[in-house]
Amino acid sequence: MEWYLPVIWAGLIGTAVAIYVILDGFDLGIAILFPFTREEEDRDLMMNSVAPFWDGNETWLVLGGGGLWVAFPMAYAIIMPALYLPVLGMLLALVFRGVSFEFRWVSKPRHRKWDIAFAGGSIVAAFLQGIILGGLLQGIDVADGQFAGGPFDWLTPFSIFVGLSVVAGYALLGATWLIMRTTGPVRELGRRIAPWLLLAVMAAMAVISLWTPLIIDRIAERWFSVPNILLLWPIPLSAALLSYGVWRWIERGHNVLPFAGTIGLFLLGYAGLVISTMPYLVPPHLTFWDTAAAPASQIFFLVGTVFLLPLVLGYTAFVYWIFRGKIAPGEGYH
Amino acid sequence: MEFDPVILARIQFAFTVSFHIIFPAFTIGLSAFIAVLLLMWMATSEERYRRLARFWTKIFAVSFAMGVVSGIVLSYQFGTNWSRFSQFSGNVIGPLIGYEVLTAFYLEATFLGIMLFGWNRFPDWLVTLSAVLVAIGTAISAFWILAANSWMHTPAGHEVHDGIAYPLNWLQVIFNPSFPYRLAHMLNAAYLTTAAVVLAVGARYLLAGRHIGQSRIMLRMAVGMIAVSAPLQLIVGDLHGLNTLEHQPAKVAAMEAHWREADDSAFVLFGLPDEEARENHFEIAIPGLGGLILTHEWGGTYAGLEQFPEDEWPPVANVFFAFRIMIGIGLILIAMGVWGGYLWWRGRLFDNRLYLRAASYMWPLGFIAILAGWIVTEQGRQPWLVHGLMRTADGVSPVPGASVATTLALFVFIYGIVFSTGVFYINRLINRGPKEEAPTAHEGMPNRPISAAEEATRDATGRGPAGAPGRSLGNREG
């Protein structure tokens with residue numbers, strides 16, 4: 001048995017999901033911030049700052065879902081029915097916000113409904129992504145290799161809290177992106193709102209860090225047993241220090257550091273989640289070894305991925321690079 | 001109230017896939033058209049090519065957005081609604097979908113950013129290269145999707161243990177028996193569909209006396225494409241039919257509403273298939289022709305529906321009528337190609353008003369033919385989900401019918417709004433038309449939202465460059 005193949009694939013899919021959360025996180029975040037300004041030109045600028053990227057960003061969501069099907073078909077076949085309503089709800093919300101990128105301009109000057117669709121679709125999508133995460137963390141009912149629970153098992157106070165946390169987190173990514181990429185009133189909006197969002201995100205991370213061990217024994221065991229607790233305490237500590245750093249960077253008017261620091265916070269939070277759930281893909285029943293695809297399938301896809309993923313990362317970086325710099329009204333892109 | 005999850009999941013998938021397929025079909029053709037226009041512009045420095053490419057890029061942007069969002073839905077629907085199928089086939093067709101993402105989706109999505117927003121900002125060659133890469137990406141995407149879909153029709157290169165399919169030979173999985181025909185038929189359909197739209201738009205402008213120079217380019221390119229592609233599609237379709245007869249004979253019997261092998265293999269021009277009576281009412285048929293088409297031999301016979309167990313029959317009437325709609329549209333397009341080619345040869349392509357008027361109604365034909373063809377091939381596979389290996393009823397998720405009904409209602413409602421609005425906006429862009437004059441200073445101008453579609457609207461709404469005047473937003477930072 002090629003025991004290492006599922007590990008490699010779990011790592012790759014985990015990376016794809018992390019990249020998705022950060023990249024689509026900031027462009028969903030821009031839309032979540034739409035209601036905080038009424039000025040048309042501010043909204044134009046906010047949308048323009050992500051318009052060339054959102055499509056590529058969202059492709060990581062397809063790789064995450066598609067990759068799960070390729071490498072862990074059994075997990076895919078259990079998780080999707082278990083989270084049926086939030087998954088389809090999220091996709092429908094993404095429909096609204098995806099078409100808004102084009103529809104909003106074509107419908108000008110009567111674009112208000114597409115402003116609402118853009119912000120509303122993004123808020124709902126972010127919230128449901130949090131619900132999906134929360135639903136997965138708290139565990140899925142499995143019998144005979146199939147989902148055996150009810151249609152609303154995912155709906156708990158915990159998952160709703162995670163949903164709200166994700167909305168706040170994406171909004172923080174969006175706000176710090178605006179600080180980095182824009183000037184004028186839009187940048188001011190980002191600077192004004194980012195500290196509040198940072199507070200909300202810190203609170204959310206603290207609450208989730210305490211809530212999960214309280215409701216799930218295996219996570220408590222993972223974090224608070226010796227020697228784990230000695231090895232793992234740097235994670236919450238770095239999160240606390242980094243939060244303080246982001247706070248100061250926003251205050252001092254740095255351009256890039258608040259966004260970079262927020263990405264760091266996301267990665268630390270993500271590491272915490274991975275440590276809590278590893279090696280379960282369908283907690284608390286199935287590990288990534290239990291649900292892995294046939295080795296022949298994992299190898300076939302891995303061979304291509306080794307060559308193609310660096311290529312994809314390369315031209316993604318290229319596009320971000322050529323559209324780099326401040327975008328401001330009166331300038332367009334540099 | 002009881003809901004049947006199988007029927008509902010089928011309706012939901014059919015609905016979302018039908019909505020989705022028309023956009024990729026259009027954008028595969030349109031991206032190739034735009035890439036060719038830009039290459040011609042690079043080669044000749046003719047400004048008209050550039051402006052025409054720019055105009056179609058706006059329409060492409062709106063269509064592509066609708067294709068993307070509806071496609072992401074499909075990629076997850078395999079898991080939400082067809083989880084048993086996902087588990088059964090994941091080892092075999094999962095990697096094909098994975099390769100589609102890695103080789104096509106990223107390519108399209110990433111370079112689309114440059115193709116839409118790079119005008120006047122990056123070198124011309126980079127925009128042109130991006131358009132070419134997007135066009136290649138859409139075709140690669142079709143390659144993988146059709147490989148996966150063809151495997152569901154003519155599975156090969158696998159073995160099944162304990163209810164799960166395992167790959168044995170990847171080349172056989174990808175290049176399964178019906179794949180080459182299906183890919184050629186679909187790609188050609190996409191190019192034809194787009195050509196029909198371009199033809200209709202060019203003809204409308206000419207009839208209205210607008211955008212003459214650019215309309216002539218559109219008309220020539222579209223007529224050239226249709227004159228070659230439409231007859232080619234007939235040949236490819238015929239070969240595909242022979243292949244289907246070999247691998248899915250019950251589908252062919254349903255396409256022809258052919259009940260008994262002994263029925264002298266007539267070609268039914270019209271009839272009302274009746275599954276209970278096992279015959280066609282009001283039938284008008286040409287004796288022997290069906291056998292000739294399908295076996296390439298006068299008087300050749302092929303299996304009738306009665307030779308298959310009744311629980312393996314596809315829904316006969318749907319497949320029968322959809323097939324005739326597809327063929328009828330194919331013949332109309334062949335006629336338009338021949339007629340247009342003749343007029344072009346005589347030098348009267350641009351002033352034969354009868355032809356232009358006929359051409360101006362051609363735009364929906366390709367879409368209807370694609371949807372009809374989709375019904376023939378997908379409903380024709382029923383009751384199988386993977387032909388001979390898994391029945392549709394066994395592939396569905398363990399999800400309550402009420403959940404599927406709820407999401408189906410949402411899909412119908414939301415897609416209804418989004419789809420009709422998108423078509424409305426595309427029509428608005430077409431009415432606006434391409435720019436007549438040379439690009440003016442405001443093309444690269446400040447305050448301009450970077451949407452490909454925006455520029456055209458601004459003229460119509462009488463506003464200046466979007467964004468009200470006034471507020472000074474200086475304070476540039478490094």
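In what sense do strand S3 and strand S4 of chain B pair, and over how many bridges? In this predicted model, select residues 267–274 of chain B for S3 and residues 279–286 of chain B for S4: the pairing is antiparallel and runs over six bridges. Within the pair, Val268(B) stands opposite Ala285(B) of S4(B).

**Other backbone features of chain B**

Select Ser45(B), a residue that is not a glycine but has a positive phi of about 60°. Ser45(B) is placed in the loop between H1 and helix H2 (47–81) of chain B, and its relative accessibility of 59% makes it count as exposed. Then go to His211(B), another residue other than glycine, with a positive phi near 45°. His211(B) belongs to the loop between helix H6 (179–208) and helix H7 (212–247) of chain B. Is His211(B) buried or exposed? With a relative accessible area of 6%, His211(B) is buried, since buried means under 20%.

**Salt bridges in chain B**

Over all chains, the structure holds 16 salt bridges. Select Glu256(B) and Arg324(B), which form one with their closest N and O atoms 3.0 Å apart. Glu256(B) lies in the loop between helix H8 (249–255) and S3 of chain B, while Arg324(B) lies in helix H10 (residues 316–345) of chain B, so this bridge ties together parts that are 68 residues apart in sequence. Glu256(B) counts as buried at 3% relative accessibility, and Arg324(B) counts as buried at 16%.

Move to Glu312(B) and Arg391(B), whose side chains meet in a salt bridge at 3.9 Å, N to O. This pair also links distant parts of the chain: Glu312(B) is in the loop between helix H9 (289–295) and H10 of chain B, and Arg391(B) is in strand S6 (residues 390–391) of chain B, 79 residues apart. Glu312(B), at 25% relative accessibility, counts as partly exposed; Arg391(B), at 24%, counts as partly exposed.

Turn to chain A and select Glu40(A), Arg43(A), Asp44(A), Arg104(A), Lys108(A) and Asp115(A), which are joined into one network by salt bridges that share partners. The charged end of Arg104(A) sits over the ring of Trp105(A), 5.0 Å from its centre.

**Aromatic pairs**

A search of the whole structure finds 49 aromatic pairs over all chains. How are the rings of Phe103(A) and Trp114(A) arranged? Their centres are 5.0 Å apart and their planes stand at 80°, so the pair is edge-to-face. Phe103(A) comes from helix H5 (residues 84–106) of chain A and Trp114(A) from helix H6 (residues 112–138) of chain A, eleven residues apart. Both Phe103(A) and Trp114(A) are buried.

In chain B, select Phe19(B) and Tyr415(B), a tilted pair with 4.3 Å centre to centre and 40° between the planes. Phe19(B) in helix H1 (residues 5–44) of chain B and Tyr415(B) in helix H13 (residues 401–432) of chain B are 396 residues apart. Phe19(B) is buried with a relative accessible area of 9%, and Tyr415(B) is buried with 2%.

To view a cluster linked by ring pairs, select Trp9(A), Phe300(A), Phe301(A), Tyr99(B), Phe143(B), Trp144(B), Trp170(B), Phe175(B) and Phe179(B).

**A nonpolar patch on chain A**

Finally, display the surface around Phe224(A), Val226(A), Ile229(A), Leu230(A), Trp233(A), Leu237(A) and Leu241(A), which make a nonpolar patch of about 750 Å². Helix H10 (228–232) and helix H11 (234–251) of chain A each supply at least two of the patch residues. Leu241(A) lies in H11 of chain A and counts as exposed at 57% relative accessibility. In H11 of chain A, also select Glu251(A) and Arg248(A), which are three residues apart and therefore separated by about one helical turn. Glu251(A) and Arg248(A) form a salt bridge with the closest N and O atoms 3.6 Å apart.

Key
Residues are numbered from 1 along each chain as its sequence is written. Chains are lettered from A and ligands numbered from 1 in the order in which they are written. This is a predicted model: local features need pLDDT of at least 70, side-chain atom pairs count only at pLDDT 80 or more; totals for chains, interfaces and linings use all residues. Side-chain values use heavy atoms; hydrogens and water are left out. Two strands pair if DSSP finds at least two bridges between them. Helices (H or I, at least four residues) and strands (E, at least two) are DSSP runs, numbered from the N terminus. Patches are made of residues with over 30% relative accessible area and no salt bridge: like charges are joined within 9 Å, nonpolar side chains (Val, Leu, Ile, Met, Phe, Trp, Tyr) within 5 Å. Accessible areas come from the Shrake-Rupley method with a 1.4 Å probe; for residues, only the protein chains shown count as cover. A salt bridge is a side-chain nitrogen of Lys or Arg within 4 Å of a carboxyl oxygen of Asp or Glu. Buried means under 20% relative accessible area, exposed over 50%, partly exposed in between (1.4 Å probe, protein chains only). Rings of Phe, Tyr and Trp (its six-membered ring) pair if their centres lie within 6.5 Å; planes under 30 degrees apart count as stacked, over 60 as edge-to-face and the rest as tilted. A charge sits over a ring if NZ of Lys or CZ of Arg is within 6 Å of the ring centre and within 35 degrees of the ring normal.
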